[in-house]
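I am opening a page for this structure and will note what I look up, entry by entry.

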Amino acid sequence: MFPIEKGLLILQKIKSMSEYNFRDIENKWQTYWEDRKLFQTTLDSEKPKFYVLDMFPYPSGAGLHVGHPLGYIATDIVGRFKKLKGFNVLHPMGFDAFGLPAEQYAIQTGQHPAITTEENIKRYKSQMKNIGFSYDWDRELQTCDPDFYKWTQWIFQQLYKSWYNNKSKKAEAIEDLINIFEKEGNTSVSAACDEDTPLFSANEWSSKSAHEKDALLNKYRLTYPAEALVNWCPEMGTVLANDEVKEGFSERGGYPVERKQMKQWMMRITAFADRLVDNLEKLDWSSSMKDMQTNWIGRSYGCELTFEVDNSDIKLTAFTTRPDTIYGVTYMVLAPEHELVATLTLPDHKNEVEEYVKWASNRSERERMAEKAVTGVFTGSYVINPFSGERVPLWIADYVLAGYGTGVVMAVPSSDDRDYKFAKHFNLPIINVIEGTENLENPTDIKRGKMINSGSLNGLNTEQAIEKAIQIGVDKNIAVSKVNYKIRDAVFSRQRYWGEPVPVYYKDGIPHLIPENELPLELPPVDEYKPTSEGEPPLARAQNWKYKGKYDYETTTMPGWAGSSWYFLRYMDAQNQKKPFEKDIVSYWNQVDLYIGGTEHATGHLLYSRFWNLFLYDRGFINHEEPFQKLVNQGMIQGRSSLVYREKGTNRFISKGLIDNYEVAPMHIDIKMVKDDVLDIEQFKQWRPDLIDAEFVLEDEKYHCGFEVEKMSKRLYNVVNPDDIIDEYGADTLRLYEMFLGPLEQSKPWDTKGIEGVHRFLKKLWALVFDREGNFRLTDEKPGSDELKILHKTIKKTEDDIERLSFNTAVSGFMICLNELSALNCQKREIIEQLIVLISPFAPHICEELWERLEHNESILKANYPQFEAKYLVENEFEYPIMINGKLRAKITFGLETPEDDIKSTVLAHENVQKWIEGKTVKKLIIVPKKIINVVV
């Protein structure tokens, strides 16, 4: 090498050391990690395991915004921390790739959803890798990949081949049930099954045709075809789950949704309702999340009471948890969907009832449950109170749901809030049945107490009255004790193209499973991705798509939650071609130790995945009941929208401070046109054609914008792309800043102004190792006690903070530590090296670079997490305030082991003390260890 070339190389190296060049550093280490597969995970029984998981994303066309990585950064910090602590860490990532947006785009453009999805996933992966996540990409899965959904179809088949035995409280093979039927019929069977399941003997079973046997077995199977009341969206041509409907409209697209009876595949999740509630006690989940699931399942204990319809042979059965209030029933209510509505509506009320039923039928259950307005209509019929013999009117109201209980409510307006509001609205009688309610404006303020106006129940307290009312009802043959649930069996069919095909074909109208060795059943090509002109699902468009060339396939597809209900198990054994997973491998990884995702999945994915996991456990495929031991719901990073104010009726825009003098309408604008709330007027004019001639009323020759903190959304022009932040500040800055914004579980606004401080922190960390000329600053000199104290205080705080997921306080602790070490001008390698390891889970790129510059041959991932030693935090001396007759006169530092006599002699000899006790007698000298010394003269 020529001298001049060598000189240029040295200058370049010095420059690279003197400056924190995050772009080069981050690109270098991301390439290094990937080339050496440092995040690849294998089984290692010598180490404790830790499985940390993000809720995998749907790959939308918009890519990630800065709100999306919040939880991913948190799990990455925990994963890297656990690696440093000696754990074998499983930290995978994949994509929930079946989704409605790709299908809607396919309908509009004709482009196959697989192409759109592949492009979106490519972008997501690029963004994720730019942030430096430690994912084991060899385990990546995509729910739309036939190699994955082959096993989703396999699980569906196992559910079809299973029933739920209430005696053993577990799912069992359908063959076991058939054996029972052959030996003794179903009279002794206690199972989760359809309510209209008939009783039969072994002889009756054997005499049935194959068709009849299949129909009966479907009443027991854990997945089964049935007519169901569903949320039908005509515009989208598909059925939507309850959590996909908001106030009568589809969550995506905002299209009208109507309630409709359709043939659907169902999942018998209700069989697992008790365990889904009871098992919550074993889980490290937030109380609010447990409450959401508990309330959604809605388990309640009570009885079913029979009411006779006046002048009719018809009887109505109502479920109640409060039979003690039976004497307070002043009207009855039917759900609008109840099968007897038409029969029990008298001619004079027919038109009004039919109109109401039509209106109510187009509202979702969730919307009706949340409704505050009182609506209803009288049928003209009456029923007889079985206890009091009173004749009470029969109404229809949409606050009663056909799917909960029996669809009939015995209304007690003196004890139930909704019944009270209904009675007041329609001027119906109110009978007080609990002592102390007689003089209350709203008697429902007291819901438990001593019974009054209640016949033989008078004088009993609530619990006693409930027990006696049930017993009276049982003796009269008008009551049956019962446990009821709000949760309904889950609709499993979707009238879409882009989803897992259901592995079923039909022979003589009866469903049959495709043989396991013929899975996967893949999506066929179709000419269009929308329903047929007859309203059949898109798969009905497939040409010559029949099993063995002659039997029709099921044409609905699985819902979006199918793949996400078990993907966490596939990660454990992602390359297995023979099974969904090996049981021994799943036993090693067991539950997910930490699962992070949004609360919006409380009654969807999180419930369904628990259901499938329980099923797989019952059938012996896995050894653990619950999938996620610890669940944390990250908050939302909100956008900071920018607003301009257009004077109404003009194209003139008024600066924020002047809008009180004008009539204006706020308008969201692209945040990229705004810096420090000041608008770039020229950029704004070029934003849209109608703004070219815009006029402005300014303050101080500037246009000042307003702002709102709200959801980050393209529609509000407030989306911040992480790629832009990384390009300007680096991935390590982004990672630290997102954690620094506030507690993980809380929502907080994004404010780019604050990111500068975090970036300066990383520059300061770099400057600890290299001076401005690029010279290596660290020495091998032994650290002093002050430096060790700062380091070990930070070790303890960081470890505690990560274990508590308190990442914001950990980042704050790093900043304090760095300031304190800088104040001491610390250049001790022993201190700085350990500090770099502490920071590495948060800012891995810069720490890898500094670690290498400290002449380590292996990645910092191979380092050991610093050991906290309490001895460095133990104080060995204390500065005592010296009080003379209650006033501070001096301060003296003593070693903690200094004998009391030495302390006394030193205090009395101190010049300041001598000054204040001169010529006086010392009556007392009191030493309060590590607090104060009092001298009394």
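**Entry 1: the sheet**

I looked up a sheet and found it open, built from four strands in the order β2-β1-β22-β23, with parallel pairing. I note that the model is predicted.

Which strands stand at the edges? They are β2 (88-90) and β23 (631-633); each has a single partner strand, so one side of each has no neighbour in the sheet. From one strand to the next the twist averages 15°.

I then checked the pair β22 and β23. Strand β22 covers residues 594-597 and pairs with β23 in the parallel sense over three bridges. Within this pair, G597 is opposite N633 of β23.

Next I asked what packs on the sheet. Helix α3, residues 69-84, does, and touches β1 (49-54), β2 and β22. The direction of α3 makes about 170° with that of β1.

**Entry 2: nonpolar cores**

I looked up the largest nonpolar core, which has 175 residues. The members that touch the most other members are M128, F272, Y567, W612, W750 and F807.

**Entry 3: T798**

Is T798 buried or exposed? I have it as buried, because its relative accessibility is 1% and the cut-off for buried is under 20%. T798 sits in helix α25, residues 785-803. With neighbours within four places in sequence left aside, T798 is in contact with F814, L838, F842 and Y865.

**Entry 4: salt bridges**

How many salt bridges does a search of the whole structure find? The search gives 48.

K82 and E803 form a salt bridge, with their closest N and O atoms 3.4 Å apart. This pair links distant parts of the chain, since K82 is in helix α3 and E803 in helix α25, 721 residues apart. K82 is buried at a relative accessible area of 8%, whereas E803 is partly exposed at 41%. I note that α3 is also the helix that packs on the sheet, and that α25 also holds T798.

R299 and D278 meet through their side chains in a salt bridge of 2.9 Å, N to O. R299 is in the loop between α11 (287-297) and β10 (300-309), and D278 is in helix α10 (residues 273-278), so the pair ties together parts 21 residues apart in sequence. R299 is partly exposed, with 24% relative accessible area. D278 also counts as partly exposed, at 40%.

E625 and K282 meet in a salt bridge of 3.0 Å, N to O. Where do the two residues lie? E625 is in the loop between α20 (605-618) and β23, and K282 in the loop between α10 and α11. The pair links distant parts of the chain, 343 residues apart. E625 is partly exposed at 22% relative accessibility, and K282 is partly exposed with a relative accessible area of 48%.

Last, I noted a network of salt bridges that links K28, E849, E852 and R853.

Methods: Residues are numbered from 1 along each chain as its sequence is written. This is a predicted model: local features need pLDDT of at least 70, side-chain atom pairs count only at pLDDT 80 or more; totals for chains, interfaces and linings use all residues. Side-chain values use heavy atoms; hydrogens and water are left out. Two strands pair if DSSP finds at least two bridges between them. Axes are lines fitted to C-alpha atoms, for helices over the stretch in contact, and angles run from 0 to 180 degrees between N-to-C directions. Contact means heavy atoms within 4.5 Å. A nonpolar core is a set of buried Ala, Val, Leu, Ile, Met, Phe, Trp, Tyr and Cys residues joined through side-chain atoms within 4.5 Å. Buried means under 20% relative accessible area, exposed over 50%, partly exposed in between (1.4 Å probe, protein chains only). A salt bridge is a side-chain nitrogen of Lys or Arg within 4 Å of a carboxyl oxygen of Asp or Glu.
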